[in-house]
Amino acid sequence: MNFDLSSLPTTFDMLHLILAALSLILSALFLTKSKNGPETTKAQNLQSPVSEPTPDSVSTLAPEPKSAELKPEPEPTPALLKTASPDAALQLLTLLQQDARFIDFINEDLSSFSDSDIGAAARVVHEGSKKTLNTYFTLEALRNEDEETRITLAEDFNASEVRLTGNVVGEAPFTGTLIHKGWKVSEIKLPKIAAGHDVSILAPAEVEL
Amino acid sequence: MSEMHQTGESAARYSIGIDLGTTHCVLSYLDLSAITEDSPAEVEVLAIPQLSQPGLVEEQPQLPSFMYQPHEAELQPSDIALPWNANQKVIAGTIARYLGSKTPIRLVASAKSWLCHSGVDRREAFLPAGSPDEVKKISPLDATVEYLEHLQQAWDYKFPDTPLCEQQVTITIPASFDPAARELTAEAASVIDFQHLTLLEEPQAAVYNWIKACGDKWRDHVTLGDIILVVDIGGGTTDLSLIAVTEDQGNLTLNRVAVGDHILLGGDNMDLALAYRLKAKLAAEGKELQPWQIQAIVHACRDAKEQLLLENDIDEVAISIPSRGSKLLGNTLRTTLSRDEVQQTLVEGFFPKVSIDEHPLAARRSALSQKGLPFAQDPAVSRHLAAFLSKQVAAADDVLGANDVQGTDASNFIKPSAILFNGGVLKSPVLAERTLAIINQWLSQAAAEPARLLSDSDLDLGVSIGASYYGYVKQGQGVRIRGGLASAYYVGIESAMPAIPGMEAPLEALCVAPFGMEEGSETKASEAEFGLVVGEPVFFRFFGSNVRRHDEAGMQLDYWQEGELEELPEIQATLPAEGRRAGEVVPVRLAAKVSEVGTLQLEAIAVSSATGNDKPERWHIEFDVRD
């Protein structure tokens, strides 16, 4: 397998950005689809290696729970779940399509095109995505230290801001290597949507007369 | 002393500054009731809700000065609703610019440039200019009203208890606006019914913004005898003013002593120049561009230029224009814009190093020749600057005392000692430094001290911020720039002498409004009498001069130097037939006054009253003559 190292950085940044945006959107869509509790309880079970695997949770990732009565755990407490608004997710897709041609790009089959063609399109997507992100979100890094340096986490560190990985043993304070500095949205300013506006139309078809 | 009691006219809570720009409008506000001795005036910029896309409402500090006249099949009513109106009819702001980029025939742009274009009837609905008959048309005046109404609705939506029309409002206009354009701006504002309205010249607003940013320290940055040159290069126009620093009872005072001609030349021309350069480059590679691609390149050049005009080590910026269809790959047009190209096109093209005696190449195009905007024929800002400084060589003599004129061309210009930049174009350090270098080269050739730069903040929003600060200054706080009329105005009189075949009757000019006439003042009626025919419009030839500073009202000139007087569009008086016989000739005298708003008004005053009352009748003379 050959990698063209010289061409990598441009697409690499862009890919990260797209992946980040995509994962955000997908997780929003995923949460949106969930209508009731058991499904997410199941998702939590999947994440937790401690819980006893049940045929249900192991065998399928399908979003529909087979039955609400099938309760592997003795006393599950129903989790409070918020339904993310699909409008916001659709709006973000609209903005990314409009400024960055995001949907167009992802729907292309890259295999038959040269790196230079992909690079040219990637610039459009990168510049546009960057503009969209900067316009509507204020992003900041969660950690200001350099990546790949040793940092120490105090006892009261916020577990949702910092994820511990690897040899996770012992008690805080923890000392480890900062792998990724993390991202946080400190301000969000999405456009308001007019009532009656069909948000599912991400980009209207265009007909020039 | 923490409470401030407002009295009389200024019962307004906010001082509002509105920058009604060629390409953007900005509204900023200052809460007069929040000012105490300890907390200085704070100005905020209103985030203006506007549609960015059909159905999407965004708040932005600038409202693009564009309107879009949609086809009835084009948009759903729900897609153009605004927070304050679910049944919005007018489409203005970002969405108008966006839709208009794809359908230019329905886009109303540059209404402000049309408003000061005397070659057209500015009340006639003809915008978008040159579009098919089916597209609904609007007049430059009405377009201006629409932008003001959008600002008003945005304000009233956010501050329902303090409606905009009750506040102290200052609207900025180019210093080079003639009396007709000023009056039209005031007329547009009158639709909003502002109770306390003032017009302020944009370069002056920029100075107020600078004073506000400096606070009390502004006096440390200038000294007695300084001449400040304000260079304001916006999206559509270049506006120049000179401000002299004098002393009055031990306090420094500012006097606006000269303003430049109206130059339709700005940042938009620069983006277009770059785009056409790239078009030529692509054509050389055998790629022909379609109109929409050129539009996209203009847009891309705007962003690319900003990077290449910073002092950094980026040598070129890639320009990618994606196809319009959903297939991106393989159809994306690629080119690059290099630092050298930007340097050649913008720096050398618009800011060439010229000597002080090189003035714009072509004279102004005759305003009546065609129905188009009278764009500057010469794109070189530096030549316009040289012409302005040369023409205004004596501008500060009255307030600062005469200079020793050495008589050589290289030194025969007014020498600014400080420079204040404003407008989006001069945000670029490369262009700002170039402009400063050119002026300083002229100064050093004339053996004068180099001018220093007065640093200003936020060149995009500065005019509006300065205008709202001015509303506060007007209440007697802080320094106020003295100005008055920046031109003297004359009415042409054909001199009574026997006609000579092949020669026009010599023209004399009667000064009706002197240079520097202050707001709220009026002149005495002229000695000269004119005969007006009752019931028929009578036209006068009308002239302005921004260099003749000593002509008093009533003075009659039979000789002036080439270029001293500039002919403006004719003005017109119509006497109503009421109480008089149609066809009767009524002798009148002319008088002028400058309103509190800041507009010039000319009146014809009957020499003897028809009804025998003591008070002679007065008739308004129109600047904006309708055909």
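The following legends describe close-up views of a predicted model. Local features need pLDDT of at least 70, side-chain atom pairs count only at pLDDT 80 or more, and totals for chains, interfaces and linings use all residues. Residues are numbered from 1 along each chain as its sequence is written, chains are lettered from A and ligands numbered from 1 in the order in which they are written, and side-chain values use heavy atoms, with hydrogens and water left out.

**View 1. The largest cavity and its lining in chain B.** Rolling a probe the size of a water molecule over the atoms shows where empty space is left. Helices (H or I, at least four residues) and strands (E, at least two) are DSSP runs, numbered from the N terminus. At least two lining residues come from each of α2 (111-115), α3 (140-158) and β10 (168-173) of chain B, and α2(B) gives the most, with 3 residues. The lining has 6 nonpolar, 7 polar and 1 charged residues, where Ala, Val, Leu, Ile, Met, Phe, Trp, Tyr, Cys and Pro count as nonpolar, Asp, Glu, Lys and Arg as charged, and the others, Gly among them, as polar.

**View 2. An open sheet of 3 strands in chain B.** Two strands pair if DSSP finds at least two bridges between them. The strand order is β8-β7-β9, with antiparallel pairing. β8 (91-92) and β9 (107-108) of chain B each have a single partner strand and stand at the edges, so one side of each is left without a neighbour in the sheet. Strand β7 (residues 67-68) of chain B pairs with β8(B) over 2 bridges, and Y68(B) has I91(B) as its bridge partner.

**View 3. The crossing of helices α5 and α13 in chain B.** The axes, lines fitted to C-alpha atoms over the stretch in contact, with angles from 0 to 180 degrees between N-to-C directions, come within 7 Å and cross at roughly 75 degrees. α5(B) and α13(B) are therefore roughly perpendicular, a term for angles of 65 to 115 degrees. Residues in contact (heavy atoms within 4.5 Å) include Y208(B) and I211(B) of α5(B), and Y469(B) and V473(B) of α13(B). The contact residues divide into 9 nonpolar, 3 polar and 2 charged.

**View 4. Strand β26 of chain B and its antiparallel pairing with β27.** β26(B) (residues 585-594) pairs with β22(B) (residues 530-533) in the antiparallel sense over 4 bridges, and V533(B) stands opposite V585(B). A further 7 bridges join β26(B) to β27(B) (residues 600-606), with A604(B) as the bridge partner of L590(B). The hairpin of β26(B) and β27(B) has 5 residues between the strands, and G598(B) takes a positive phi near 115 degrees.

View 5. Most residues other than glycine have a negative phi, and most peptide bonds are trans. A cis peptide bond, with omega about 0 degrees, joins A172(A) and P173(A); another joins L127(B) and P128(B). P128(B) lies in the loop between α2 and α3 of chain B. R101(A), which is not a glycine, has a positive phi of about 55 degrees.

Conventions. Parallel < 35°, antiparallel > 145°, perpendicular 65-115°, else oblique.
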